[in-house]
Amino acid sequence: MHDENEEQQTTVMLHEMGGQKVSNSLYAPRVVTIGSGSLQKIGEYVVALHAKHVFVIAGSLLSNETISSTFQRSIEQHGLDATYFTHTKGEPTTEHLQAVLMKIKECGADCIVAIGGGSVMDLAKAASVFAVNEQMSLDAIPNENCLRRLSFIAIPTTAGTGSEATKITVIKDVKTGVKKNPGHHTLIPDVAILDPELTISLPQSITAYTGMDALAHAMEAYVSTKATPCSDFYALESMRLIAASLPLAYQNGNDIKAREQMLLGSYYAGIAFSNASTNLAHAAGRPLGAHYNMPHGLCVALLLPFVVEYGLHVCEERYATVAGVLYPNNSLKPSYSNAVAAKKVMIFIEQCNDTFGILQAGWEYLNKGQAFEDIVPTLVKDAMAGNGIRSNQIVPTEEDVEEIYKKLWSKITQP
Ligand SMILES: NC(=O)c1ccc[n+]([C@@H]2O[C@H](COP(=O)([O-])OP(=O)(O)OC[C@H]3O[C@@H](n4cnc5c(N)ncnc54)[C@H](O)[C@@H]3O)[C@@H](O)[C@H]2O)c1
Ligand SMILES: [Zn+2]
């Protein structure tokens, strides 16, 4: 059982910045392990957490014989009991959570292991809390002083949400149709296992959506008003890794080095945004995902160029630094002003979106169901109520957010 006394505070510092004292704490998983074959360490980590019975929530990947036998062998070799639960129903909802909680109660597991994309990890993360807090609501999580949960190990199979490093769980409330994303440091997994073999089977489109999501996490964290020197460090390194490896992983899914770099980049991005927050691209992206049942990474990739354009003039220096890591080997001319270099960030994102067919994919979702123009007021209302509005470099008005959705629609319909 994890408790607050074991807070995963890897560094705590107080920095003097511009004459102002800034608390600079960084929260991250206690252990991360990376590399091909690292899945086989699962038993070792469960034992280290003093657990005896694992409840494994998995996406489709455990139906792969090689992967499931590696996993099960490690569990058995360490004398552990395991109960398996498959979740392939997409992004998690409060209904999915109830189903998982019933199964956990039945088997009496003392540790949760998630092996899947952000959907599976978030479902498992929420389950680790509600398994020992039956009466609690999602909304109450951030206000808990001393949150308890079962031990929790996260093994991502997308690269990705970074959920294996974050204090967030995203669960759609079936009653309201709103995607809730409560945060608490105790939600950060105890252990993250990053095994690139598990991401080889990702189809090209999901490699692209999830990779762009990770890039957006790092970029939004870097220009966030909550950014700190520690989160900046992870954000910049994440963007450097993703810019270099996402095109390679997209072109050749079997490129294990690129897959590993994407997992690391996505993990670093998770640390960055979990400590510094995502911002407007995520606040505006969540309602798109909820209303159109559209993959999270695709929503964020579609909105990111417009959000960067909107905030560029207030943080040109930061975006110029971002451009420096996106374009390697000094391919940016040193003579560029910050304003010119900053615009290259938008160009980079637009080029990625072109290469990955993001606009076409977006059109296929947004062109279905209720007309986009009619749903914009609801999207704006939900975006303004979500996390990441107040920590945006410019706190947007409803009109600003409406304008961003309209620009997106116009770009999609007249590319
Ligand atoms: N907790 C956080 O910090 C955080 C951050 C960002 C996003 N999210 C949330 O995570 C969810 C999205 O997660 P995601 O983008 O990882 O997608 P996902 O988990 O929904 O997976 C997308 C699809 O890919 C499949 N898949 C996953 N791994 C695969 C593999 N290795 N091979 C083949 N197919 C595979 C899944 O079965 C699914 O069909 C959303 O609900 C989003 O809001 C959470
Ligand atoms: Zn995201």
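I counted two strands as paired if DSSP finds at least two bridges between them. Strands (E, at least two residues) and helices (H or I, at least four) are DSSP runs, numbered from the N terminus.

Residues are numbered from 1 along each chain as its sequence is written, and chains are lettered from A and ligands numbered from 1 in the order in which they are written. The model is predicted: local features need pLDDT of at least 70, side-chain atom pairs count only at pLDDT 80 or more, and totals for chains, interfaces and linings use all residues.

**Sheet.** I found an open sheet of six strands in the order E3-E10-E7-E6-E4-E5, with parallel pairing. Strand E3 (31-34) and strand E5 (81-86) are at the edges with a single partner strand each, so one side of each has no neighbour in the sheet. From one strand to the next the twist averages 15°, where angles run from 0 to 180 degrees between N-to-C directions and axes are lines fitted to C-alpha atoms, for helices over the stretch in contact.

I then looked up E7 (residues 151-156) and E10 (residues 191-194), which run parallel and are joined by two bridges. Ala154 has Ala192 of E10 as its bridge partner.

**Helices.** I looked next at helix H5 (residues 204-222) and helix H6 (residues 229-251), whose axes come within 9 Å and cross at roughly 160°. H5 and H6 are therefore roughly antiparallel (angles under 35 degrees count as roughly parallel, over 145 as roughly antiparallel, 65 to 115 as roughly perpendicular, the rest as oblique).
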